[in-house]
Amino acid sequence: MSLIFTDDQKSLAETVRRFVAQRTPLPKVREVIGGDQAYDQEVWSRLAGDLGLAGLTIPEEYGGAGATQADLSAALRELGAGLVPSPLLACVLTAGALLALDDEEAKREVLPRIAEGALVGALAVSEPGNRRWIPAEPETTATGSGDAVTLSGAKVAVLNGAEAGVLLVQARGPQGVGLYLVERSAGGLTVTKDEVVDPTRSSATVTLDGAPARLVAGDAVAALDRVADLANLAIASEQCGAMLACLTMTTEYAKVRYAFGQPIGAYQGVKHKLADMYTLWALADAALREATRAADEEPAKLGTAAAAARTLSSPGYLTSAKETMLLHGGIGFTWEHDAHFFYKNAIAGNVLAGDADYQQDRLADKLGV
Amino acid sequence: MSLIFTDDQKSLAETVRRFVAQRTPLPKVREVIGGDQAYDQEVWSRLAGDLGLAGLTIPEEYGGAGATQADLSAALRELGAGLVPSPLLACVLTAGALLALDDEEAKREVLPRIAEGALVGALAVSEPGNRRWIPAEPETTATGSGDAVTLSGAKVAVLNGAEAGVLLVQARGPQGVGLYLVERSAGGLTVTKDEVVDPTRSSATVTLDGAPARLVAGDAVAALDRVADLANLAIASEQCGAMLACLTMTTEYAKVRYAFGQPIGAYQGVKHKLADMYTLWALADAALREATRAADEEPAKLGTAAAAARTLSSPGYLTSAKETMLLHGGIGFTWEHDAHFFYKNAIAGNVLAGDADYQQDRLADKLGV
Amino acid sequence: MTSIDEFRARARAWLEQHAKPFDEAAGYDLEGSAVPLQESKRFQKALWEAGFAGITWPKEYGGQGLGAAELIAFNEEAADFDLPTGPFTIGLGMPGPTILELGTEEQRKRYLPPLLRGDEIWCQLFSEPGAGSDVASLQTTATRTETGWLINGQKVWTSGAQYSDFGTIIARTDPTVAKHRGITMFIVDMHHPGVTVRPLVVATGHAPFNEVFFDDVEVPADAVVGEVGEGWGAAVVMLRNERVTIGAGGRARSNPLGFDSLVELARARGLEADTAVRRRLAVLYARESALGAYGRVLHEETTAGVEIGARGSAAKLAGAELALWAADLAQDIIGSDIALGGADLERVVSAIVAAPGGAVAGGTNEIQRNIVGERVLGLAKDPGVDRNTPFNQLKLSR
Amino acid sequence: MTSIDEFRARARAWLEQHAKPFDEAAGYDLEGSAVPLQESKRFQKALWEAGFAGITWPKEYGGQGLGAAELIAFNEEAADFDLPTGPFTIGLGMPGPTILELGTEEQRKRYLPPLLRGDEIWCQLFSEPGAGSDVASLQTTATRTETGWLINGQKVWTSGAQYSDFGTIIARTDPTVAKHRGITMFIVDMHHPGVTVRPLVVATGHAPFNEVFFDDVEVPADAVVGEVGEGWGAAVVMLRNERVTIGAGGRARSNPLGFDSLVELARARGLEADTAVRRRLAVLYARESALGAYGRVLHEETTAGVEIGARGSAAKLAGAELALWAADLAQDIIGSDIALGGADLERVVSAIVAAPGGAVAGGTNEIQRNIVGERVLGLAKDPGVDRNTPFNQLKLSR
């Protein structure tokens, strides 16, 4: 496999792009995020079911399509470019964690339902007052054993926590740190939707007060490390798509907006900023291609490559979205223009599943520096 | 007193500028630094004597002119703009340290000779393997007492150490950290001239092996804090002058150099970089004016204001010098062009008397952050 | 005691009695219109009655006929107070001085005293959606009628339009000449039925500005400010005032992206001892205080009779860049909670979202860099910019 | 085993026997001319005799007549060795392919075989002191004589001129037409007495380039490469090759400002546990590896038949910016010792001093940004740039 898209990947990307343009273009996204739902349920059903994105990288034996990370990345770029609200990222991380654990029963129970889009899974790891996305030593505790395990503690920034049917919760139990399945309907579980900067993503604060839970067998630390890699791949994919959308939007504007008798793109002040945006995108995009290639071909290199891609895509997108606002002038600052949605998405995306310090520290660790 | 130059300061600056243009223009500087002297002895005699710069801020009772820090700053800007090699900075710091101590005999002995340009003083504080400009706990030790004190240890990056007649050395003695006078001719003293990046400054490595010394009475810690402020003022002054020289040189070039039928300064790619250089200079310059004003009017604010000025001038100059090379294109990279001398001066100046981390930490301390 | 000192003491005493001390926490106004209008009008009237409105304006138009020294003294004292004069800022800073300089005797007599007395509020109507930085390419037209002019078009970014009584508007009166030469400035009655004001919602979700639509708005012949076809010169003077105002900025302490605010933010988040954060805060302090010092340098030079030219643009540019830089620092201090819009973070998050807008208001950074490059450094003008093409042959934005 | 695999195995075996393995520490060459010339010529001859020189060039001109796959295979194997072929890089990369494409049959027969065999060394002579980024505004002239042309002028930034036998030069043959149309390319004998080569000392104190002066240098009529007046087209092809070469960069490990080197530097200075330094090293790794991946993407697209157009300029730009960024990091790692030019720091300090020069070589960042903006993004060309003005009416640098 190579760094450039296969014909299948091109075709998948094209299908998703067409779906986004027809069913959930930005004016439609505005309506959705203006309402009280985190995402358009019908759009999600179609994405999950017809387009098969919810189970794309889930193995066939668990009801998925068994596709590659590069395939998923191709689809996520298009969703990122369209700022499409959906619980796909939350599902990818939850499924990825389960797949990295060794609990056949839990896999058979949860994965097929995620793959068909019938169940949203959410990963609950971050805790209040701890700046690390995944705490090394969570304060949330698991007590009891067997069928009588309960969790107590608090989790923050739980992506799609309010929409999830099942939560995968990191907690400290008698045998150390583990991952626990908690049903949304469990007693002692309180989920409060957060006020968020980026209206295209929904997150929640979760409190567990003796909530019944089930330990998922397997190495939780290794599974969460895998999840961090998958998060980097997925977020970098969305961000590369969104960066390209910002670049395209601003380039088009620079061709049709005139000042002093010239299209503004003729002025180096604008032209050079767009060239820098292009370069930021091109490098983040190349790093992402290398990361998905590693995921599918050289898993040992995935951690480093995915962290490197994310280390470029998040600040690169933030810069690009900011420049998109700046280069559009006053118009780019109006609510009516889409630029601010990208900017807010970039601000929130920059810290999603670990802020810049977290990512850089993790990359340095993986590099052995 | 205000932030803008008085008529006296304008006239002093004009005198120094004329002297530099006539006696030590850049082609002359090239000759000097190509030779084996750290500076042109005759130029220094004139600067120290005729122009009175060596004793400018030394009180009249010790043979100086008792002028203000703002006066000295006005003169130093011109020397910085001309990259004039001289031991003025070393003398200013040595005299400043002595003035902040309480040793009347030492002052009467050393200051008048510095003021008349007959003696170069050098401050020896930094030590090998310690990244702080002024170590909190020096490894250099002073033993004995009274007339029988000797120093042992090593000092690095001693500005004009090889040209100095007297060294003021920080060392740990029986009563704590003190400053000690060591004659250049003292036994046990070895001074080795450093190979340096910036040929306009001379520094030396100094080893002391039981070198006879004399403790200067007074609070060495307070005196060295004062010296750090004076260093920030002096270096920021030189750097603001040099930044302006870079800006002027590059602006002139952008007016006469043509590409694609236009002077290159007509292109925003060049114009906007020059505007940024202007802005960097304007802010560093304003911060410096505020710092000299504080030095002369509100000494309690000097530390913060001088550190703030230096925190802008050093990286601002480094950026300006680098842009000077870049905007001159290939020509700016030739030995024949002066740009690289400014760039090297900026590289070395950025860490002179404390690198960026040291300066920022010190500023944060003074701000109580 | 000099007369200035006396004036200052009198101002101080009056302010202490009538004005609220500056409240740092309340100082940041997300909507730009927090002060009730009637309170504002009452205060302006009281200010005028006490002799502190129009300090340097001539007495015959309601001013005090004093000098710049008195004005500076008053402003220095007033900086410690929170004056509810927001709605009058534009009228007193832009249309007022322009009418004073270019208006007819009738215009001055009619409009300046009610402005100083707090009876009438003004706005200025320059920007258009299709013009942006190239303000002179405006497309709003004023066509002659038998009794005056008929104005049609759209303006945007108009602060205070919703409560203004009058506005100064520039419109195209001759499309056959070069764009700068076919513009005329008018006084327009904002209560005319053809004027529609619509709030303009910005990225933060607030609406600090308006769009204003002109649909066959008649103005009389004597509404022209200055000469017909010479509106651009008047506009340039006004815009220069605007740039200085924006560049100068407010009190740093009321700025949620200022040094004091970010130090507090860092402390609240337990980062006061983080080496990297401390260093960046030190740099923030250095940049912020240098910007203040630069403003004082320009101020002192102006006072000393030195022409500061376009150097205010460097301050505007530096201020915009600093706000964007501080927004990055604030994000890093907040860390992952930046995604949450909780109440304790609302002010700073709003400021982060608004930072790009602030950089654009009053001229983009690119425009400021052009001004500094050309007017301060004397570099050649952008190639290909043709100032002599008749407006109706120019290429314009859609 | 395919024929490619066989070729690769044969290349590997030959290289292992004849070439030195790549030595990381010795890989950085401050002077750009460290290899003794005779050794270099001997090695090139051996390479040719073994069938590894001119792999894709036709057999009738001394090449091997093989395909791109063999060339890539050889280059991949060769990357592990330190081939002393530096003096031939330019000839094989620029003048050679151009003569192959545009030269006459006589020129190909005369010049290509000795180049491949290591008998003759070439340089290229494009840049001029007055031209810079605007290469086509060159002022070196070639005027017709009875038997050929007379060349006068000055070139600069010429690598290897001091030991070259021939050079390709572009000169102005018609100043009355637009600048791009009055240029012709010639083959010039560098041993002609009118040619003076002077080493060009750069900021680091080294002299990796030359200035070359042409004083009434006669070349015969058949020295023209391509057609008279069409030298610019030939030059553009050569410059594109140059940009790709520069953008691709050398082995990261031999770069004193590369990730591996700066990690070592940080360790040597006891900063391996410094949080800020570790984070910046992580970012350096990300940027450096992304640049490598971008090069591979472009390479794969080229192989797949996708036109990469001017995207190589983005790589050049990113590489230049990265080097400047890494130079800042290196300075901060070194701290106050950066002022000292001690032996252990010489390589890295030289690289820091040279970083701005590297950014300029092969086209400034501004030129690369223009190329990306116009040719990749399709933005309008700079206003006012007149490509049709006759050369002798153009404004030029002094």
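How many salt bridges does a search of the whole structure find over all chains? The count is 106. A salt bridge here is a side-chain nitrogen of Lys or Arg within 4 Å of a carboxyl oxygen of Asp or Glu.

Before you start: this is a predicted model, where local features need pLDDT of at least 70, side-chain atom pairs count only at pLDDT 80 or more, and totals for chains, interfaces and linings use all residues. Residues are numbered from 1 along each chain as its sequence is written, chains are lettered from A and ligands numbered from 1 in the order in which they are written, and side-chain values use heavy atoms, without hydrogens and water.

**Stop one: chain C, two helices.** Select Arg12(C) and Glu77(C). Their salt bridge has its closest N and O atoms 2.7 Å apart. Arg12(C) sits in helix α1 (residues 3-18) and Glu77(C) in helix α3 (residues 68-78), 65 residues apart. Helices (H or I, at least four residues) and strands (E, at least two) are DSSP runs, numbered from the N terminus. Arg12(C) is partly exposed, at 26% relative accessibility. Glu77(C) is buried, at 11%. Buried means under 20% relative accessible area, exposed over 50%, partly exposed in between (1.4 Å probe, protein chains only).

**Stop two: chain C, two loops.** Select Lys179(C) and Asp134(C). They form a salt bridge at 2.9 Å, N to O. Lys179(C) lies in the loop between β6 (166-172) and β7 (183-189), Asp134(C) in the loop between β3 (122-125) and β4 (141-144).

**Stop three: chain A.** Select Glu290(A) and Arg293(A). Their salt bridge spans 2.9 Å, N to O. Both residues are buried.
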